[in-house]
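Student: Hi! Could we go through this structure together?
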Amino acid sequence: MTQTPPTGSSASPRTALVTGAARGIGAAVARQLARDGLAVAVVDLDEADCAGTVEAITAAGGTALAVAADIADEAAVGAAVARVAAELGPPTVLVNNAGIGPRAELVDMTTEQWDTVLGVNLRGPFLVTRAVAPYMIDAGWGRIVTMSSISATGDAARVDYGSAKAGLIGFTKSLALQLGRHGITANAIAPGFVVSDMTRLSARRLGLDFDDFQRQAAASIAVGRVGQPEDIAHTASYLTSPHAGFVSGQVIYVAGGPVD
Ligand code: NAI
């Protein structure tokens with residue numbers, strides 16, 4: 001039996017909150033969840049940057065709200081989540097997507113970089129999930145999806161990023177265990193190479209043309225191509241749907257092939 005999520009007091013749609021949704025994977029997830037019938041809070045550092053995603057959703061007949069917040073800032077997260085609940089309705093779907101991935105050799109890595117990367121990539125999802133979870137508990141239903149990475153299995157270029165992304169897997173499994181009795185599932189998506197500003201920036205930092213960078217990456221991917229943001233969005237769509245109620249504490253590698 002598929003447990004049906006509660007709707008709002010009238011016939012209002014369920015509300016999803018997607019972080020880092022101004023561009024890239026987060027924008028594709030936000031657009032997909034809106035197509036799935038959810039009202040979507042498009043959260044990113046800068047409200048103006050969220051306009052493109054919000055306009056794409058509203059132009060297609062959906063409902064979206066741009067909300068500025070640095071997810072590593074506790075006060076900003078509290079204010080953002082309260083605003084979403086007041087203006088769109090209590091969030092019962094959360095996609096922890098925002099992340100950063102600068103490169104630095106371990107011996108050159110400053111403590112500040114480590115703290116910043118862990119602050120956004122690990123502390124951020126904690127702060128947002130802690131702020132959203134009470135609404136899910138009240139509703140007796142919720143879906144949490146967190147963006148890990150194949151870097152969780154080791155990343156030669158980014159020990160900070162790899163550590164944070166591995167931490168998110170422990171975070172996800174722990175959430176699944178703790179919140180399951182409230183009808184809440186928690187899962188992680190671990191993408192492989194996905195075309196976005198993040199991978200574009202990596203190519204630039206390595207001094208590579210982006211098309212060449214993609215071709216090189218595709219050569220070692222089983223399906224012979226790199227990922228698109230929509231590949232991740234479709235996975236998030238399933239994991240946040242009512243049909244995925246018996247899938248929890250899992251890591252879904254969306255990488256075009258198996259990952260060790
Ligand atoms: P992106 O760099 O294109 O977009 C990330 C978004 O997060 C940006 O809009 C940025 O402004 C926002 N953001 C960054 N710091 C923030 C903060 N402190 N508070 C609020 N928003 C913040 O990145 P992309 O590629 O779309 O990645 C999305 C997620 O997927 C990230 O968590 C990333 O680590 C993960 N990922 C990406 C892969 C890829 O190949 N692109 C592979 C594996 C994981």
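This is a predicted model: local features need pLDDT of at least 70, side-chain atom pairs count only at pLDDT 80 or more; totals for chains, interfaces and linings use all residues.

Student: Which residues come nearest to the ligand?

Tutor: There are 28 residues around the ligand, and Arg23, Asp44, Asn97, Tyr161 and Ser196 come nearest.

Student: What polar side-chain atom does Ser196 bring, I mean how many Å from a ligand oxygen?

Tutor: A polar side-chain atom of Ser196 sits 2.5 Å from an oxygen atom of the ligand. For Tyr161, an N or O atom in the side chain is 2.5 Å from a ligand oxygen. Ile25 uses a polar backbone atom instead, 2.9 Å from an oxygen atom of the ligand.

Student: And how much of the ligand's accessible area does the protein cover?

Tutor: On its own the ligand has 830 Å² of accessible area, and the protein covers 93% of that.

Student: Nice. Which helix gives the most to the shell?

Tutor: That's α6, with three residues. Helices α1 (24–35), α5 (159–179) and α6 (197–205) each supply at least two. By type, the shell has 14 nonpolar, nine polar and five charged residues.

Student: Switching topic: is β4 buried or exposed?

Tutor: Mostly covered: six of the six residues in β4 (91–96) are buried.

Student: Which strands is it joined to?

Tutor: β4 runs parallel to β1 (residues 15–19), with four bridges between them, and Leu17 has Leu94 as its bridge partner in β4. Four bridges also join β4 to β5 (residues 142–147), again in parallel, where Asn96 stands opposite Thr146.

Student: Where does the chain go between β4 and β5?

Tutor: Through helix α4 (residues 111–139), making a right-handed β-α-β crossover.

Notes
Residues are numbered from 1 along each chain as its sequence is written. Side-chain values use heavy atoms; hydrogens and water are left out. A residue is near a molecule or strand if one of its heavy atoms lies within 4 Å of it. A polar contact is a pair of N or O atoms within 3.5 Å; within protein, one must be able to donate a hydrogen and the other to accept it, and residues adjacent in sequence count only if both atoms are side-chain atoms. Accessible areas come from the Shrake-Rupley method with a 1.4 Å probe; for residues, only the protein chains shown count as cover. Ala, Val, Leu, Ile, Met, Phe, Trp, Tyr, Cys and Pro count as nonpolar, Asp, Glu, Lys and Arg as charged, and the others, Gly among them, as polar. Buried means under 20% relative accessible area, exposed over 50%, partly exposed in between (1.4 Å probe, protein chains only). Two strands pair if DSSP finds at least two bridges between them. A crossover is right-handed if, with the strands pointing away from the viewer, the path from the first strand over the helix to the second runs clockwise.
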